[in-house]
Amino acid sequence: MPRYQYKCSKCEFTKTYFHRLLEKIEVCEECGLKTMSKVLTNKFYTFNKNSDKGTKTGEITKKYIEENREILDKQQKEAKEEIYDPS
């Protein structure tokens, strides 16, 4: 089962959950609000002796980016809308 890291936008509570691809965690365990969203995380890989040892790091990275394209697009949009206040 895939693992996903979520963060509450209200209280900043962060937790890793294991669930199916189409499932979502929306309610924060800490504050109880419906403010949880997925955050980009490091991909967890396990290799066994039967795995393809010829796979290059660049190929794994490209696959990871494609799998997380939706999260990346959402974070990019949020970053563009965020107002920077240096004070």
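Trainee: What share of the 87 residues of the protein chain counts as buried?
Mentor: Keep in mind that we're looking at a predicted model. The cut-off for buried is under 20% relative accessible area. Going through the 87 residues of the protein chain with that, the share that counts as buried is 14%.

Trainee: In which order do the elements run from the N terminus on?
Mentor: Start with the inventory: the protein chain has two helices and three strands. Read from the N terminus on, the order is β-β-β-α-α.

Trainee: Which kind of aromatic pair do tyrosine 6 and tyrosine 17 form?
Mentor: The count of aromatic pairs here is one. Tyrosine 6 and tyrosine 17 have their ring centres 5.6 Å apart, with 80° between the planes. Planes over 60 degrees apart get their own label, so this pair is edge-to-face.

Trainee: How many residues apart in sequence are the parts that this pair ties together?
Mentor: Tyrosine 6 sits in strand S1 (residues 3-8), while tyrosine 17 belongs to strand S2 (residues 14-18). Both tyrosine 6 and tyrosine 17 are buried, by the way.

Trainee: Which residue lies over the face of tyrosine 4?
Mentor: Look above the ring of tyrosine 4, at 4.0 Å from its centre. The residue there is lysine 38.

Trainee: What separates the C-alpha atoms of threonine 16 and tyrosine 4?
Mentor: Threonine 16 lies in strand S2 and is partly exposed, at 37% relative accessibility. Leaving aside neighbours within four places in sequence, threonine 16 is in contact with Arg3, Tyr4 and Gln5. Threonine 16 and tyrosine 4 are twelve residues apart along the chain, and their C-alpha atoms are separated by 5.5 Å.

Trainee: How many disulfides does the structure hold?
Mentor: A disulfide needs two cysteine sulfur atoms within 2.5 Å. For cysteine 11, the nearest cysteine sulfur is that of cysteine 28, 3.6 Å away, so cysteine 11 is in no disulfide. The sulfur of cysteine 31 has its closest cysteine sulfur in cysteine 8, at 3.7 Å, which is too far for a bond. The number of disulfides in the structure is zero.

Trainee: Are cysteine 11 and cysteine 31 buried, exposed or partly exposed?
Mentor: Cysteine 11 has 33% relative accessibility, and cysteine 31 has 32%.

Trainee: What value is phi of glutamate 12 near?
Mentor: Glutamate 12 is in the loop between S1 and S2 and counts as exposed, at 55% relative accessibility. Its phi is positive, in a residue other than glycine, and lies near 65°.

Technical notes: Residues numbered from 1 in each chain as written. Predicted model: local features only at pLDDT ≥ 70, side-chain atom pairs only at ≥ 80, totals over all residues. Heavy atoms only, no water. Phe/Tyr/Trp six-rings, centres within 6.5 Å; stacked < 30°, edge-to-face > 60°. Helix = DSSP H or I, 4+ residues; strand = E, 2+ residues; numbered from the N terminus. Buried < 20%, exposed > 50% of the residue type's maximum accessible area, 1.4 Å probe, protein only. Lys NZ or Arg CZ within 6 Å of the ring centre and 35° of its normal. Contact = heavy atoms within 4.5 Å.
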